[in-house]
Amino acid sequence: MGLKENDEDRSPFQCLLDAAALVERLDEETMRLKLKQGLNKIDDNNSSGVDTRPTNYTTVRIFGTDVIIAAIDEDVITNQPPAGSSKIRKERVESSRAKQPMPKQKRKKLKHEATFGAQPCLPQRFKEMIKCMDGSEEKLIIQKALYKTDLSKHHGRLSIPMNQVEVEFLTDEELKQSSKEGIEALVIEPCLKTRDMNLRIWNMPKPTGRFSSLYVLITGWKSVVQGNDLKEGDVIQVWSFRVNSKLCFALVIVP
């Protein structure tokens, strides 16, 4: 291929520009040829009576020729279900939730664990005494500090507030009886002596007009205070147990 006139005077950069312009012209010619072939196919189909246009299309004018371009569904672009498929989306969400592991539920603390930090245990000497009496069903009813009113001769009772009771320890019949004449019960003192006492339910009025309900142990409580040298602030546990279904109590001083 020979050089044109003055080609030897052209710089390499100018030669590159000429080559790029030539490639661009070739691309334009190729594009026109492809568009012409596509339009010929459309004309052939139209002559047969078949409408080949997509249902959703737009027309663009390129190089003086109208070209039909199919529109792309926006839902396809975003990779989302089509409009009106909320039910499908909901099913997918529920399915994904079902596959996720359920969070472990914390074990609910027992009341005595929340109050005392650990399960209190009945001292061995009380266990042996209850066993000798053929007793069973030991239950911790309450652990509390003794207040001045518990030791007062004027009051003469050990109070057991119902909202601090750890477990149910009365039968339905005993509950009715304790609201009236009370229940006679055998009590083991901290010194391991035994005596008969009376359990009752008292409803104490409040300034708000409501009542505070509590169990009380009376009949001989003053002697228990004196015989065991009980003082304000001493921590006492009240346990219930049964001997031949008869209600009994054990009073334990916590060291």
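## Confidence in the model

What pLDDT does the protein average, and what share of the residues score at least 70? The average is 74, and 56% of the residues reach that score. Keep in mind that this is a predicted model.

Two stretches call for some care. Residues 71-81 have a pLDDT below 50, and the model gives this stretch nine contacts beyond near neighbours in sequence. Residues 102-116 also stay under 50 in pLDDT. For residues 102-116, the model has 15 contacts beyond four places in sequence.

Now have a look at strand 5, which covers residues 183-188. Five of its six residues are buried, so the rest of the structure largely encloses this strand.

One partner is strand 6, residues 194-205, which pairs with strand 5 in the antiparallel sense over six bridges. If you want to find the pairing on screen, go to I188: its bridge partner in strand 6 is T194. Strand 5 and strand 6 form a hairpin with five residues between the strands. In this hairpin L192 takes a positive phi, near 75 degrees.

Strand 9, residues 246-253, is also joined to strand 5, this time by three bridges, and these two strands run parallel. Here L186 stands opposite C248 in strand 9.

## Aromatic rings

The structure holds two aromatic pairs. In one of them, F169 and F249, the ring centres are 6.1 Å apart. The planes of these two rings sit at 75 degrees, over the 60 that edge-to-face calls for, so the pair counts as edge-to-face.

Where do F169 and F249 lie? F169 is in the loop between strand 4 (158-161) and helix 7 (172-178), while F249 belongs to strand 9, so the pair ties together parts that are 80 residues apart in sequence. Both F169 and F249 are buried. Y215 comes into the picture too: ring pairs link F169, Y215 and F249 into a cluster.

Q143 has its place in strand 3, residues 135-145.

Along the chain, Q143 and Q237 are 94 residues apart, yet their C-alpha atoms are separated by 4.4 Å. Their side chains meet as well, joined by a polar contact of 2.7 Å.

Notes. Residues numbered from 1 in each chain as written. Heavy atoms only, no water. Buried < 20%, exposed > 50% of the residue type's maximum accessible area, 1.4 Å probe, protein only. Helix = DSSP H or I, 4+ residues; strand = E, 2+ residues; numbered from the N terminus. Pairing = 2+ DSSP bridges. pLDDT = per-residue confidence, 0-100. Contact = heavy atoms within 4.5 Å. Phe/Tyr/Trp six-rings, centres within 6.5 Å; stacked < 30°, edge-to-face > 60°. Polar contact = N/O pair within 3.5 Å; in protein donor to acceptor, adjacent residues only side chain to side chain.
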